[in-house]
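Dear colleague,

Please find below the structure that I am handing over to you, together with its sequence. My findings follow after it.

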Amino acid sequence: MLSRVAAASTLLRRVPAVASGRHASSITLSADGQLQVPNDPIIPFIEGDGTGPDIWKASQYVLDGAVEKAYGGDRKIEWLEVLAGEKAFRQTGEWLPAATLDAYRQYLVGIKGPLTTPVSGGIRSLNVALRQELDLYVCLRPVRYFKGVPSPVKKPEDVDMVIFRENTEDIYAGIEFEAESQEAKELVSFLESKGVAKKIRFPNSAGLGIKPVSREGTSRLVEAAIEYALENGRKNLTLVHKGNIMKFTEGAFKAWGYQVAVEKFRDQIVTERESWILGNLDDGITDVVQNCQKIEPGYDMMTDGQQQTLQKEVSDVIKAIGATHGKGQWKNKLIVKDTIADITLQQVLTRAKDFDVIATMNLNGDYLSDALAAQVGGIGIAPGGNANFKTGHAIFEATHGTAPKYANLDKVNPGSVILSGEMMLRHMGWTEAADLIINSMDKTIADKTVTYDFERLMDGAKLLKCSEFGKALVKNM
């Protein structure tokens with residue numbers, strides 16, 4: 001599987017693959033696409049820059065403690081350090097050595113702390129580079145509230161969402177041309193040939209970017225989100241987009257998302273509009289026109305053509321799924337709906353209970369995940385994972401920055417990496433250990449034994465160092 005075995009072997013020998021004197025094993029992917037996790041899996045890790053070493057030390061202690069308590073020594077993670085960021089640059093002269101990518105490719109599942117983005121160019125972001133190189137097309141961001149965490153909103157407990165953020169396309173593809181560069185001028189010239197250059201207000205001084213959104217990229221993301229929602233008993237999935245303005249990119253994301261839902265999961269889902277039509281039918285509204293008037297209050301002001309289109313939609317829904325989804329059966333299906341991105345950012349504040357699983361593009365997902373993290377206590381305890389559900393590759397990571405001014409002070413909250421590790425354990429099927437971490441996090445924070453970021457906002461809290469918080473979590477398991 002390794003494309004550069006010789007290059008990898010030198011770096012991987014820095015930390016032995018077998019830490020406990022026994023033979024450690026690799027996680028593999030079966031022919032039917034299922035992870036095969038041994039009792040002693042090798043897990044590559046990057047400790048991270050800035051506060052990374054402090055956070056990683058506490059996090060590893062918690063993860064090892066949870067596995068030990070859950071399985072009594074029958075299972076154990078064999079940690080394998082690989083390099084990226086400042087530590088990699090100091091030791092190898094490279095920010096992201098090829099051997100690190102090879103290790104993540106070989107062992108499938110890994111974890112990392114926060115990384116510095118090089119200021120000298122070459123790599124835009126190490127995090128983005130890892131996602132692009134390994135085609136980790138899903139950025140998975142669960143957001144939930146832990147009782148007692150300081151929050152700026154009245155009902156943070158209403159937030160229990162999982163965001164599926166497309167990870168490889170949109171503006172994060174990094175296709176940009178600097179203002180006044182030759183490339184920008186050539187692109188403007190091309191746009192002039194297509195008759196659209198006038199839409200650029202100041203073409204001679206504009207930096208230009210390209211926003212790719214593909215059918216394939218959309219389909220695999222939405223498919224993964226729906227599968228997750230169904231497997232975890234979630235009630236609805238929301239496609240978040242700005243398709244009212246960007247019709248051929250974000251609008252296409254919405255259309256392709258619905259297409260995946262209907263074509264691949266027809267028996268298990270109902271779209272929101274379909275639920276309205278079937279609900280009207282359940283209420284005894286058998287006349288197609290009356291049903292149209294219920295789902296579209298402006299029906300009587302539509303043109304004849306628009307009315308006929310709507311009538312056909314209602315008739316087609318009743319004909320296609322009336323028997324399988326009607327008579328209230330649709331209420332037990334996963335509801336697939338969509339909302340405009342700016343409205344969503346408002347409604348996750350005012351109507352958080354309306355959202356369950358969210359599937360969206362890269363930039364929208366970036367905004368949403370950080371905004372939601374603020375509602376439940378901040379980015380310091382926001383976990384994240386990046387995965388390719390086709391190949392089995394996944395890297396779980398801190399979602400915050402490196403905070404270099406706090407480096408080596410044993411001060412910051414390690415919650416983001418710890419909860420990312422909890423996601424990793426759950427991804428591996430080690431749910432008992434994952435549950436111990438979640439339950440312990442609930443108890444430890446509720447007891448007001450917290451790091452400085454929470455302690456300064458709580459009355460009567462006990463201040464813990466980063467390492468002490470990790471020890472408290474293990475004690476409370």
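**Overall picture**

Of the 477 residues in the chain, 52% count as buried. Please keep in mind that this is a predicted model. The chain holds 17 helices and 17 strands. Its radius of gyration is 25 Å, close to the 23 Å that the globule rule gives for 477 residues, so the chain is as compact as a globular protein of that length.

As for charge, the chain has 56 positive and 61 negative charges, whose mean positions lie 3 Å apart.

**The nonpolar cores**

In soluble globular proteins, nonpolar side chains tend to be buried together. In this model, the largest nonpolar core has 89 residues. Those with the most contacts inside this core are Trp79, Ile111, Phe164, Leu237, Met424, Leu425 and Ile445.

Ile445 deserves a separate look. Leaving aside residues up to four places away in sequence, Ile445 touches Phe146, Lys147, Gly148, Val149, Val450, Phe454, Met458 and Phe469.

**Helix H4**

Helix H4 covers residues 98-107 and is mostly covered, with eight of its ten residues buried. The buried residues of H4 are Ala99, Thr100, Leu101, Asp102, Ala103, Tyr104, Arg105 and Tyr107. After H4 comes Leu108, which has a positive phi, near 70°.

**Glycine 385**

Gly385 is found in strand E14, which runs over residues 383-387. Is Gly385 buried or exposed? Gly385 counts as buried because its relative accessibility is 3%, and buried means under 20%. Not counting residues up to four places away in sequence, Gly385 touches Val138, Cys139, Leu140, Ile395, Phe396 and Met423. Gly385 and Glu313 are 72 residues apart along the chain, and their C-alpha atoms are separated by 39 Å.

With kind regards

Methods: Residues are numbered from 1 along each chain as its sequence is written. This is a predicted model: local features need pLDDT of at least 70, side-chain atom pairs count only at pLDDT 80 or more; totals for chains, interfaces and linings use all residues. Side-chain values use heavy atoms; hydrogens and water are left out. A nonpolar core is a set of buried Ala, Val, Leu, Ile, Met, Phe, Trp, Tyr and Cys residues joined through side-chain atoms within 4.5 Å. Buried means under 20% relative accessible area, exposed over 50%, partly exposed in between (1.4 Å probe, protein chains only). Contact means heavy atoms within 4.5 Å. Helices (H or I, at least four residues) and strands (E, at least two) are DSSP runs, numbered from the N terminus. The radius of gyration is taken over C-alpha atoms; the globule rule is 2.2 Å times the number of residues to the power 0.38. Lys and Arg count as positive and Asp and Glu as negative; His and the chain ends are not counted. The place of a charge is taken as NZ of Lys, CZ of Arg, CG of Asp or CD of Glu.
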